[in-house]
Amino acid sequence: MPMDARDIETMIKAALPDAQVTIRDLAGDGDHYAATVISESFRGKSRVQQHQIVYQSLKGQMGGVLHALALQTGVPDA
């Protein structure tokens, strides 16, 4: 069963309450998404660390229920 975009957003915001999250369904199949996550929590962290935080928020759904997630992360503009 595919994962709903709202579920992805909810899981990310549970781990990063201040995050601005935008989810796009890339293929219309509920399996391939793109996410942009902007959070102050990322400040001072490498891009790899930022992505790891997001993947951890998805609690093991990557590669299973959620097949693919193209991820862009960053910090808010000052």
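Reader: I'd like to begin with one residue. In which helix is Ala15 found?

Author: Ala15 sits in helix H1. Helices (H or I, at least four residues) and strands (E, at least two) are DSSP runs, numbered from the N terminus. Please keep in mind that this is a predicted model, in which local features need pLDDT of at least 70, side-chain atom pairs count only at pLDDT 80 or more, and totals for chains, interfaces and linings use all residues. Residues are numbered from 1 along each chain as its sequence is written, and side-chain values use heavy atoms, with hydrogens and water left out.

Reader: Is Ala15 buried, partly exposed or exposed?

Author: Buried means under 20% relative accessible area, exposed over 50%, and partly exposed in between (1.4 Å probe, protein chains only). Ala15 has a relative accessible area of 43%, so this residue is partly exposed. Across the protein, buried residues make up 32% of the 78 residues.

Reader: How many helices and strands are there in the protein, and in what order do the elements run?

Author: The protein has two helices and three strands. Starting at the N terminus, the order is α-β-β-α-β.

Reader: How do the strands form a sheet?

Author: Two strands pair if DSSP finds at least two bridges between them. Here the three strands make an open sheet in the order E1-E2-E3, with mixed pairing. Strand E1 (20-25) and strand E3 (68-74) are at the edges with a single partner strand each, so one side of each has no neighbour in the sheet. From one strand to the next, the twist averages 15°.

Reader: Which pairs run parallel or antiparallel?

Author: E1 and E2 run antiparallel and are joined by six bridges; in this pair, Ile23 stands opposite Ala35 in E2. Their hairpin has six residues between the strands, and Gly28 takes a positive phi near 75° there. Strand E2 (residues 32-38) pairs with E3 in the parallel sense, over seven bridges. His32 is opposite Ala68 in E3, and Ile38 is opposite Gly74 in E3.

Reader: Where do the helices pack?

Author: For the angles, axes are lines fitted to C-alpha atoms, for helices over the stretch in contact, and angles run from 0 to 180 degrees between N-to-C directions. Contact means heavy atoms within 4.5 Å. Helix H1 (residues 5-15) packs on the sheet and touches E1 and E2, its direction making about 155° with that of E1. Helix H2 (residues 47-57) also packs on the sheet, touching E2 and E3, and its direction makes about 125° with that of E3.
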